[in-house]
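Please read these notes with the model open beside you. They take the ligand site, then a cavity, then single residues.

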Amino acid sequence: MPQAVSDPAYRALADWWADMGVPADEAEIRAYLKAAKRTEPPKEQATPEANPVPQTRRKKGPKSVEDWAAEATATAAACNDIASLTAAIEAFEGCPLKQGCNKTAVHDGVFGAPVMVIGEGPGGEEDRIGKPFVGRAGQLLDKMLAAINLNRAENAFITNVNYWRPPGNRNPEADELAVCRPFVDRMIVLSAPKVIVAAGNVPTKSLLSISTGIMKTRGKEYSYTPPGGEPIPFFPIFHPAFLLRRPVEKSRAWRDLLTIEARLTDLS
Ligand code: URA
């Protein structure tokens, strides 16, 4: 029997396709959902042992997300340089993702550089090394930056909207982003880039408070004003991890980089 269009799994998958700029093929989505239901384990097997992905629920405690975000805001406001801000982020205990991580990956590159790249959060290599964008996606990011004469040794500063690796490399959740956000904003104010480059959907949607997907936001200039700071030109680009999976999109990514380069020339 066909599923009602209100089926949440159907809607989520259709929305995701649309977000990626692919027209939703109803028949194909229904076929995926049917296949997924066939391979689901029986309910009684769905024990924690059968699902080894670590959970990151915040431990019951006196502090809510709002409390932690307020603490992050006060802590970040008291930091007037990148060293104290980095130390404050590393010492912060308000993000539940931290529990499962080896390292905190805060930033890399040149503090105060004209370009600030903001990604979504650390992956496996970043968690091992403690710096953002050092895995395969990071290597591609370096090539993308080099294409417009940017690099982390001279003129690019690199960070994320979340500093701890989510389990299974899932996207960070809203609460996890909310408690990191005051630090992200303070880092933007202190580093004062001429332009912000947001790598992919997560930083774009989170910083701009929009739900529009990267297929529609890329290639356009936005503006981001951190609390206590000035408006900064903001450019969403495809995430390099997405480009590794979809190299055909590199030509559009290249065009977007040229737009950023031209804007930087305007601003200098
Ligand atoms: N992807 C990101 O968005 N950030 C990283 O630091 C690594 C991969």
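The numbered points below go through the structure site by site.

1. Ground rules. This is a predicted model, in which local features need pLDDT of at least 70, side-chain atom pairs count only at pLDDT 80 or more, and totals for chains, interfaces and linings use all residues. Residues are numbered from 1 along each chain as its sequence is written, and side-chain values use heavy atoms, with hydrogens and water left out.

2. The ligand shell. Start with the residues around the ligand: Gly119, Glu120, Gly121, Glu126, Pro132, Phe133, Asn160 and His239. By class, the shell has 2 nonpolar, 4 polar and 2 charged residues. In this scheme Ala, Val, Leu, Ile, Met, Phe, Trp, Tyr, Cys and Pro are nonpolar, Asp, Glu, Lys and Arg are charged, and the others, Gly among them, are polar.

3. Glu120 places a polar backbone atom 2.8 Å from an oxygen atom of the ligand. Gly121 has a backbone N or O atom 3.0 Å from a ligand nitrogen. Asn160 uses its side chain instead: one of its N or O atoms is 2.9 Å from a nitrogen atom of the ligand. How much of the ligand does the protein bury? The ligand exposes 240 Å² when taken alone, and the protein buries 93% of that. These areas come from the Shrake-Rupley method with a 1.4 Å probe; for residues, only the protein chains shown count as cover.

4. Phe133, a shell residue to check. Phe133 is one of the residues around the ligand. It sits in the loop between helix H5 (124-129) and H6. Helices (H or I, at least four residues) and strands (E, at least two) are DSSP runs, numbered from the N terminus. Phi of Phe133 is near 50°, a positive value in a residue other than glycine. Most residues other than glycine have a negative phi. Is Phe133 buried or exposed? Phe133 counts as buried, because its relative accessibility is 6%. The cut-offs are under 20% for buried and over 50% for exposed, with partly exposed in between (1.4 Å probe, protein chains only).

5. Ser209, another positive phi. Ser209 also has phi near 50°, positive in a residue other than glycine. Its place is the loop between H8 and helix H9 (214-217). Ser209 counts as exposed, at 62% relative accessibility.

6. The cavity. The structure holds 1 cavity of 30 Å³ or more. On a 1 Å grid over the protein atoms alone, a cavity is a set of points where a 1.4 Å probe fits but cannot get out, and lining residues have an atom within 4 Å of a point. Grid points are joined across faces, edges and corners, and a volume is the space filled by probe spheres set on the points. The largest cavity holds about 30 Å³ of space. Its lining is Gly219, Lys220, Phe235, Pro236, Asp256, Thr259 and Ile260. Strand E6 (232-237) and helix H11 (250-267) each give two or more residues to that lining. H11 gives the most, with 3 residues. The lining divides into 3 nonpolar, 2 polar and 2 charged residues.

7. Two buried asparagines. Asn201 is found in helix H8 (residues 201-208). Asn201 is buried, with a relative accessible area of 17%. Its side chain reaches the backbone nitrogen of Ile214 at 2.8 Å. Asn162 lies in the loop between E3 and helix H7 (174-191). Asn162 is buried, at 0%. A polar atom of the Asn162 side chain is 2.7 Å from the backbone oxygen of Trp164.

8. Gly200 lies in the loop between strand E4 (195-199) and H8, and is buried at 5%. Gly200 and Ile237 are 37 residues apart in sequence, with 5.8 Å between their C-alpha atoms. Ala147 is in the loop between helix H6 (136-146) and strand E3 (156-160). Ala147 counts as partly exposed, at 34%. The C-alpha atoms of Ala147 and Trp254 are separated by 8.2 Å, and the two residues are 107 residues apart along the chain.

Note on methods
Near = heavy atom within 4 Å. Polar contact = N/O pair within 3.5 Å; in protein donor to acceptor, adjacent residues only side chain to side chain. 1 Å grid on protein atoms, 1.4 Å probe; cavity = no way out; pocket = protein on both sides within 12 Å on 5 of 7 lines; lining within 4 Å.
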